[in-house]
Amino acid sequence: MTRWLPFPLVSLGLCILWLLLNQSIEPAHLLLGVLVGIAAPLLGRRLQPLGYPRLRAPLQLARLLAMASVEVVRSCFNVSRIILFADYAKVNSQFIRVPLTIRDPYGLAVLSCLINMTPGTVWVEILPEGHELVLHVFDLQDTQWWIDTIQTRYERPLINIFETEAARGDPA
């Protein structure tokens, strides 16, 4: 990371994305891709008031994203089946509360994205008094299963990925 290239992987990814979107590797497109790859991270630096997140376990993040992708596809099929074939009188749509221990704002943002991209679930809010997540579930069958799933499959890995020992209150 340098002053002019704060995130080389992001810059490379943006350049590649530019070239893919234009379906060309002509010199003009290559130059514009490099400019976009350099300019976007530089211009976006000021949008990070808390600084950039430090990933403590990038492999665990990759596993979490792979597992979440499988869950999204599975949930797509389940929600589609309910919408197309179920009796709407039997659909049990409810709000539930999930107690959270994660405090890192980046970890909470990723958790929010993971929950909201899964069909049938919506992150509603975090209740500040008990640090509980209010979650809307399209067809709720077992509240405790949802609480356990959020806490073990999503929250625990995100704590390992984003939070330091000092933030968790663990001794160093």
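Trainee: Which helix does Ser11 lie in?

Mentor: Ser11 sits in helix α1, which covers residues 8-22. Keep in mind that this is a predicted model.

Trainee: Okay. Why is Ser11 called buried?

Mentor: Buried means under 20% relative accessible area. Ser11 has 7%, so it is buried.

Trainee: What makes Ser11 and Gly37 a polar contact?

Mentor: Check the distance. The backbone oxygen of Gly37 and a polar atom of the Ser11 side chain are 2.6 Å apart, and the cut-off for such a contact is 3.5 Å.

Trainee: Now the loop after that helix. Where is Gln23 found, and why is it called exposed?

Mentor: Gln23 is in the loop between α1 and α2. Exposed means over 50%, and Gln23 has 73% relative accessibility, so it counts as exposed. Its backbone is worth a look too: phi of Gln23 is near 50 degrees, a positive value in a residue other than glycine.

Trainee: Which other residue has a positive phi although it is not a glycine?

Mentor: His131, with a phi of about 50 degrees. You'll find His131 in the loop between β2 (121-127) and β3 (132-137).

Trainee: Is His131 buried or exposed, and how do you know?

Mentor: Buried. His131 has a relative accessible area of 14%, and the limit is under 20%.

Trainee: What makes Leu5, Leu30, Val34 and Ile38 a patch?

Mentor: Those four form a nonpolar patch on the surface, and together they have about 270 Å² of accessible area. Patch members need over 30% relative accessible area. Take Leu30, which lies in helix α2 (residues 27-44): at 40% relative accessibility, Leu30 is over that limit.

Trainee: On to charges. How many salt bridges does the structure hold?

Mentor: Three.

Trainee: What makes Arg74 and Glu71 a salt bridge?

Mentor: A side-chain nitrogen of Lys or Arg has to be within 4 Å of a carboxyl oxygen of Asp or Glu. For Arg74 and Glu71 the N to O distance is 2.5 Å, so the pair qualifies.

Trainee: Why are Arg74 and Glu71 about one helical turn apart?

Mentor: They are three residues apart in helix α3 (residues 58-85). An α-helix has 3.6 residues a turn, so residues three or four places apart point the same way.

Trainee: What other salt bridge does Glu71 make?

Mentor: One with Arg153, at 2.9 Å from N to O. Glu71 is in helix α3 and Arg153 in helix α5, so this pair ties together parts that are 82 residues apart in sequence. Arg153 counts as partly exposed, at 33% relative accessibility.

Trainee: Where does α5 bend?

Mentor: At Glu155, by about 35 degrees, and Pro157 follows within four residues. Both Glu155 and Pro157 are among the buried residues of α5.

Trainee: What makes Asp142 a cap?

Mentor: Asp142 caps the N-terminal end of α5, with a side-chain oxygen 3.3 Å from the backbone nitrogen of Gln144. The polar-contact limit is 3.5 Å.

Trainee: Last one: why is Gly107 called buried?

Mentor: Gly107, in helix α4 (residues 105-116), has 0% relative accessibility, so it counts as buried.

Methods
Residues are numbered from 1 along each chain as its sequence is written. This is a predicted model: local features need pLDDT of at least 70, side-chain atom pairs count only at pLDDT 80 or more; totals for chains, interfaces and linings use all residues. Side-chain values use heavy atoms; hydrogens and water are left out. Patches are made of residues with over 30% relative accessible area and no salt bridge: like charges are joined within 9 Å, nonpolar side chains (Val, Leu, Ile, Met, Phe, Trp, Tyr) within 5 Å. Accessible areas come from the Shrake-Rupley method with a 1.4 Å probe; for residues, only the protein chains shown count as cover. Helices (H or I, at least four residues) and strands (E, at least two) are DSSP runs, numbered from the N terminus. Buried means under 20% relative accessible area, exposed over 50%, partly exposed in between (1.4 Å probe, protein chains only). The bend at a residue is the angle between axes fitted to the seven residues ending there and the seven starting there. A polar contact is a pair of N or O atoms within 3.5 Å; within protein, one must be able to donate a hydrogen and the other to accept it, and residues adjacent in sequence count only if both atoms are side-chain atoms.
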